[in-house]
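I opened the notebook to record what I looked up in this structure. The entries follow in the order of my reading.

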Amino acid sequence: MEGLRVAEADLVVYVHPSKSNQVRRAVLRQLSSLLFTHDEIFEGVVLAYEVNIPSKRAKVISGLIPYIGVKIKANLLLFSPKPSMLLGGKVVKLGKESIHVVVLGFSSAAIMLEDIREEFKYKIKHGEVVFASSSHKRHVIKAGSMIRFQVKSLDEEILHISGSLLPSNTGCIQWLSKHGTEDGSYADRSLKTSDIQREMQEEGPLNTTTGDKSPNKTHKHKSKKRTRGDR
């Protein structure tokens, strides 16, 4: 999934003097306060961290309360979705005009009707609300489905994503994994069939006995007669 990255950071964590005998625990506690919040400096939501304190030395900061400045090196796992990126999430609710998704278990996303491509039709099947594809009957989105969608925008304050299912490489991940192409989209079989039929009508199939091109119906009748004659 796009939107995930690891950032290396050199940080200084300020520890209260009362925690001077438990510096590592105090550092981890402060870093934990960053989890699942959007950080403007790192331009993303901090999901996890790995900390290394390279030195046991620390600098005492002068002031009314002499805090201890501890230098650390941290690897931060960040979630920073941008417009046009592809994300995956679990569908939790469907309505006539929207699909609601949870991404990575904490961020909510909404895909409104105008951002759902026309092939998906709102239906109720066996008492269950679904968005079913009119082009591929097995391509269905329902509650519990894992879907791939495109990011339109992100509200950093409430971590809410506005998404889209307009691109052809979006939809139910299970269906796309079976029918997808190299670029993640799926082939339109109806177009391929019409192209083949058009080409056959223009050129005609190759007659295997003479090497000439002949119309479809004539070729079929002749092949049947020859088969009977051979018998």
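Leaving aside neighbours within four places in sequence, I listed what Ser 80 is in contact with: Gly 3, Arg 5, Glu 43, Gly 44 and Met 85. The model I am reading is predicted.

I then looked up where Ser 80 sits. Ser 80 lies in a loop, with β5 (68-79) on one side and β6 (86-95) on the other.

Is Ser 80 buried or exposed? I found a relative accessibility of 7% for Ser 80. Buried means under 20%, so Ser 80 counts as buried.

I also checked the side chain of Ser 80. A polar contact of 3.1 Å joins it to the side chain of Arg 5.

Next I turned to a sheet. Three strands form an open sheet, and I noted their order as β9-β10-β11, with antiparallel pairing. β9 (120-125) and β11 (140-142) stand at the edges. Each has a single partner strand, so one side of each is left without a neighbour in the sheet. From one strand to the next, the twist averages 30°.

How many bridges join β9 to β10? I counted six, and the two strands run antiparallel, with β10 covering residues 128-133. In this pairing I found Phe 120 opposite Ser 133 in β10.

Last, I looked up the confidence. The chain has an average pLDDT of 80, and 75% of the residues score at least 70. Over residues 187-231 the pLDDT is below 50. I noted that this stretch has 24 contacts in the model beyond near neighbours in sequence.

Terms used: Residues are numbered from 1 along each chain as its sequence is written. Side-chain values use heavy atoms; hydrogens and water are left out. Helices (H or I, at least four residues) and strands (E, at least two) are DSSP runs, numbered from the N terminus. Buried means under 20% relative accessible area, exposed over 50%, partly exposed in between (1.4 Å probe, protein chains only). A polar contact is a pair of N or O atoms within 3.5 Å; within protein, one must be able to donate a hydrogen and the other to accept it, and residues adjacent in sequence count only if both atoms are side-chain atoms. Contact means heavy atoms within 4.5 Å. Two strands pair if DSSP finds at least two bridges between them. Axes are lines fitted to C-alpha atoms, for helices over the stretch in contact, and angles run from 0 to 180 degrees between N-to-C directions. pLDDT is the predictor's confidence in each residue, from 0 to 100.
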